[in-house]
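Hi,

Here is the structure I promised to pass on to you.

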Amino acid sequence: MQRKKPEALRPVGPISDKKIRVAIADQHPIVIYGLLTLLRGEHDIDVLFTSLSPNDLFKKLHLHEIDIVICDSNFTEDLDVKGTQLLRTIHRHMPHVSIVFYSANLTSHQIAEAMEAGAASVIRKSEQDFSLIVHTLRRVHSGSFYLQPSISHEILSSFLSGRQKNSSWHSLSAREKVVIQLICEGYSIKQIAHELCKSPKTISNQKTMAMRKLGVTNDIQLINRVKELRYELASEAENKEA
């Protein structure tokens, strides 16, 4: 009687060569080119399409099966949505799609808000370790939320500092509030000094003091922080009226 040859051992579990299907959404072609160049060499990542406008992004999302969208936080010019509203729209209509949100200037509050709105991860454009982007895509695709250690530490530090949401605004003097509001409207230091009949040095000092109280270090962060505070103060007023 002829013996049966032993069957080759089969690997346990399914073998999958399925790639991570990625879309890139940014209004700047040079940024898209940079991300495409970075991801092109990864064996497990496939960029299916890119979009230069929100309308184009939504059209293509309905045509292609995507795992992850890498989306710029300012990618809002064609739709009546801003910031995290775009995230909420994608997350509401396509909950199976993970969103990696990235921006040049995001405060810890905005990062937490983005995660709450549906982002699976947040990356700063200032990040110098390009491998972090690839690592983030793989972590997100595995089904987990992911924040790089430096951002997690920043959010935790902000939380533990115990600062009240609106206390920083209330800590500003009346003149500092006027100066900050004019800066947010596009006025220069010289123009504000002329309007308020003060020296440019005085206005500059008031701006510096206000920025210190608000915990920001540049004009972009200042404008973003004032927008947050205005929203929080308006919400607080609505709650009191209710």
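In this predicted model, the largest nonpolar core has 26 residues, and the members that touch the most others in it are L57, L61, V69 and V122. The largest share comes from α4, with four residues.

Leaving aside residues up to four places away in sequence, L57 touches A25, F49, S51, V69, F75 and I90.

Now the chain as a whole. The protein chain contains eleven helices and five strands. Of its 242 residues, 38% are buried. Among contacts with a separation of 6 or more, 62% are between residues 24 or more positions apart. The chain exposes about 15200 Å², and 54% of that is supplied by carbon and sulfur atoms.

One last topic, the cysteines. How many disulfides does the structure hold? The count is zero. C197 counts as exposed because its relative accessible area is 68%, and exposed means over 50%. C184 has 22% relative accessibility, so it counts as partly exposed; buried would mean under 20%.

Happy browsing, and write back with any questions!

Best wishes

Key
Residues numbered from 1 in each chain as written. Predicted model: local features only at pLDDT ≥ 70, side-chain atom pairs only at ≥ 80, totals over all residues. Heavy atoms only, no water. Disulfide = S-S within 2.5 Å. Buried < 20%, exposed > 50% of the residue type's maximum accessible area, 1.4 Å probe, protein only. Core = buried A, V, L, I, M, F, W, Y, C linked by side-chain atoms within 4.5 Å. Helix = DSSP H or I, 4+ residues; strand = E, 2+ residues; numbered from the N terminus. Contact = heavy atoms within 4.5 Å. Areas by Shrake-Rupley, 256 points an atom, 1.4 Å probe, with all protein chains shown as cover.
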